[in-house]
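Have a look at the sequence and structure first, then read on.

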Amino acid sequence: MKYPVVAASIIAAHVAALVLVPDLGMAISYTFFFSVTGLAMVGVAVAWRRSGTPRDRRWWLLLASLALWAVGMSLSARQNYVLENSNPAPGDSMFFYILYVLPVLVSVSSAPVAARKKWAMAIDLVLASLLGVLFYIRTFSIVSLEGAVGTQAAVDVAYMLDFENSCLAVAALLRYLATDRADDHFYFRGVSAFFVTYALSGYFYNHYVALGGHPEFGTSPWDVLLDVPFLALFLATTTRMPQRYWHAPVYLVRFVQSASPTFLAMSVLGFGLMVIPGYPVLGIGAAIAAVIGIGLRGTLAQVDLVEEEFRLVRSRDELQGLVFVDSLTGLANRRALDERLLHEWHRPGQQAPIALLMIDVDHFKEFNDRFGHLAGDECLRTIASALLRRGLRAGDFIARFGGEEFAVVAPGTNLPDAVALAEELRHEIQSLSIVHPFSPVGVVTISVGVAAANASSESGPLDLLNAADRALYRAKQAGRNRVGSQEDGRMNTVRLDGSRYIG
Ligand SMILES: Nc1nc2c(ncn2[C@@H]2O[C@H](COP(=O)(O)OP(=O)(O)OP(=O)(O)O)[C@@H](O)[C@H]2O)c(=O)[nH]1
C-alpha cells in the first residue's frame, strides 16, 4: 500500500510545486523527471532481484532503456540551460527519446530465457544496430540539432513518437497477456505498464501541452503527465509478483511467442520504408535486411524444431523400448508378450497353429531362501540367457512372464513340435547345473506347460494362455522338472527322460 501513496505524493508534490513556484517551473520539472526515472530504475533492479532469474538479461535491457531516456532528458536540459535553446525538439535529445525504446524492443522480440538461442540474439543485435542507425537518420531528417523548424516538423516528431510508443505498448501488452511463464508475466507487466501509460500520456502531452502552447517544461502543471509512466513502472515492479494470473488460451500464447521475434524486424522494415524518400539505398537495404532477418530466424527456428522432433522421437523410441523390456533379465516383458500373442493371433492368413510354452522355475522360493535374493536374481538371469541361446527359431518370441516364470510364443508350431522344444529347454536348464540343495536332482530345474491352438474367432489368446497355464500346473502337480501338454482337452505330461506320462 505504501508505494501507491509514494507515487500519488510525488504527483501531488510536482503539481503543487509548479503551481506555487511557477518561476522555477523548469528546474522543478527536470528535478521530478530525473527523480521518477531514478525511482523506476530502483524498482526495476528490485524486481530483477525478486524475479528469481538472475540470468535474465531482459532486466538489463529495461534499465538500459531508462538510462537512454535519462540521457535524452540531460541533453534536453543542456539545450535549455547551457545553450539557452528553447526549441522543444532539439535533434540530440529527440534522438535519445526515440533510441531509448531499442533495448526494450529487443527484449519484447526475444524468446523466454529457457528457449533463447545465441544465433537469434546475433540476428537481433544486427537488426537492433540497424534500427539505431535508422532512428538517427529519421530523427535528423525531421529536426536539426537545434530543434524542429516550423509547426509541421514538430507535429511530425510528435507523430513519430506516437507511432513508436503505441507499437511498443501493443507488443508489450501482447507479451504480457499471452504468456504461460511466470517470469515473462512479471517482466512484461512492468514493460507494458510503462509503455501503455507512456503512449497515452506522451500523446496527450505532445499534442495538447507541448504543441498546445507550452513547448517548454515547467510552464504547465500538465508536466506531471510525464511522471506517470515512470511511476507506473515503479508500481508494477515493486508490487508483489502474482502467484496466480490469467492464463491466455494456449494457441494465443504459441502465436504471440512465435510472432514476437518479428517485432524487431518489423520495426526495421517500418523505419526503413520511412527513410526511403530521403535515403533510398539505406531504406531499401534496411527493408531487405529486415526480410532476411525474419526469414533467417524462421529457418533457424525450423531447424531447431526439426532437431527437437528427432530428439523427441528418439526418446520416445527409447522409452517404448523400456516399456516392453524386463529390467532384470533384458528379455521382453509381460506387456510385450501380450501384444505379441495378440498380434500373432490376428495375423492375416494365419493358418498354422500357435504354440505357447509357460516355463516356471522349480522350488525357486527355497533357492531364494537358501542363497538370498541376489543369487536368485542371478539365477533368473542365467536361465533367461540359456533359454534365449537354445531352441529359439526365427519368429519365436521369449518373455519373462513375471516372477520366476517365462513364456515362449512359437507361431507355426504344432503341439508335438512345441513339446519337443519345451523338452529341449528343460534339458538345457538342467544341464546348467546350478546347485539347488532342495531340488530332487540337486540342481535348478524347470517345469513347462505347453499348449497349441489355431487362431479362430471362437477363442482368443487368453484361452491359449489358460491352456498352457493349466498344463504347467499339471506338470508341477506331477512332480516338477517335466513338460505338461494339453492335447484334445486331456492333460498329458512328458517325463524328464522323454517318456510320456498320462496325468
Ligand atoms: N530373486 C528373485 N526372486 C523372485 C523374483 N520374482 C519372484 N521371485 C521369487 O520366486 C519365488 C516363487 O515362489 P513360488 O511361487 O512359491 O514358487 P516356487 O518356490 O518356485 O515353487 P514351485 O513353482 O511350485 O516349484 C518367491 O520366493 C518369489 O519371491 C525375482 O525377480 N528375483
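Which residues does Phe-195 touch, not counting residues up to four places away in sequence? They are Tyr-100, Val-101, Val-104, Asn-165, Leu-168 and Ala-169, where contact means heavy atoms within 4.5 Å.

Some ground rules before going further. This is a predicted model, in which local features need pLDDT of at least 70 and side-chain atom pairs count only at pLDDT 80 or more, while totals for chains, interfaces and linings use all residues. Numbering starts from 1 along each chain as its sequence is written, and side-chain values use heavy atoms, with hydrogens and water left out.

**Overall picture**

The protein has 17 helices and seven strands; these are DSSP runs (H or I of at least four residues for helices, E of at least two for strands), numbered from the N terminus. Of its 503 residues, 48% count as buried, meaning under 20% relative accessible area with a 1.4 Å probe and protein chains only (exposed is over 50%, partly exposed in between). Among contacts with a separation of 6 or more, 73% come from residues 24 or more positions apart.

**Cores**

A nonpolar core here is a set of buried Ala, Val, Leu, Ile, Met, Phe, Trp, Tyr and Cys residues joined through side-chain atoms within 4.5 Å. The largest one has 80 residues, and Leu-131, Phe-135, Val-191 and Phe-195 have the most contacts inside it. Helix α8 (residues 182-210) gives the most to this core, with eleven residues. Apart from it lies another core, of 31 residues, with Phe-364, Phe-367, Val-408 and Leu-415 among them.

**Helix pairs**

Axes are lines fitted to C-alpha atoms, for helices over the stretch in contact, and angles run from 0 to 180 degrees between N-to-C directions. Angles under 35 degrees count as roughly parallel, over 145 as roughly antiparallel, 65 to 115 as roughly perpendicular and the rest as oblique. For contact residues, Ala, Val, Leu, Ile, Met, Phe, Trp, Tyr, Cys and Pro count as nonpolar, Asp, Glu, Lys and Arg as charged, and the others, Gly among them, as polar.

| Pair | Angle | Axes |
|---|---|---|
| α7 (residues 150-177) and α11 (residues 261-275) | about 165° | 12 Å apart |
| α5 (residues 101-109) and α11 | roughly 135° | within 5 Å |
| α3 (residues 58-82) and α8 | about 20° | 11 Å apart |

With an angle of about 165°, α7 is roughly antiparallel to α11. On the α7 side, Met-160, Phe-163, Ala-171 and Arg-175 meet Phe-263, Phe-271 and Met-274 of α11. That contact divides into six nonpolar residues, no polar and one charged.

α5 and α11 are oblique to each other. Leu-105, Val-106, Val-108 and Ser-109 of α5 make the contact with Pro-261, Phe-263, Leu-264 and Ser-267 of α11; six of these residues are nonpolar, two polar and none charged. The buried residues of α11, including Phe-263, Leu-264 and Phe-271, pack against α5, α6 (118-142), α7, α10 (250-259) and α12 (280-323).

α3 and α8 are roughly parallel to each other. The α3 residues in this contact are Arg-58, Trp-59, Leu-62, Leu-66 and Trp-69, and those from α8 include Asp-183, Asp-184, Phe-186 and Val-191. The whole set divides into ten nonpolar, no polar and three charged.

**A histidine in α8**

His-185 lies in helix α8 and is buried, with a relative accessible area of 6%. The C-alpha atoms of His-185 and Arg-175 are separated by 7.8 Å, and the two are ten residues apart along the chain.
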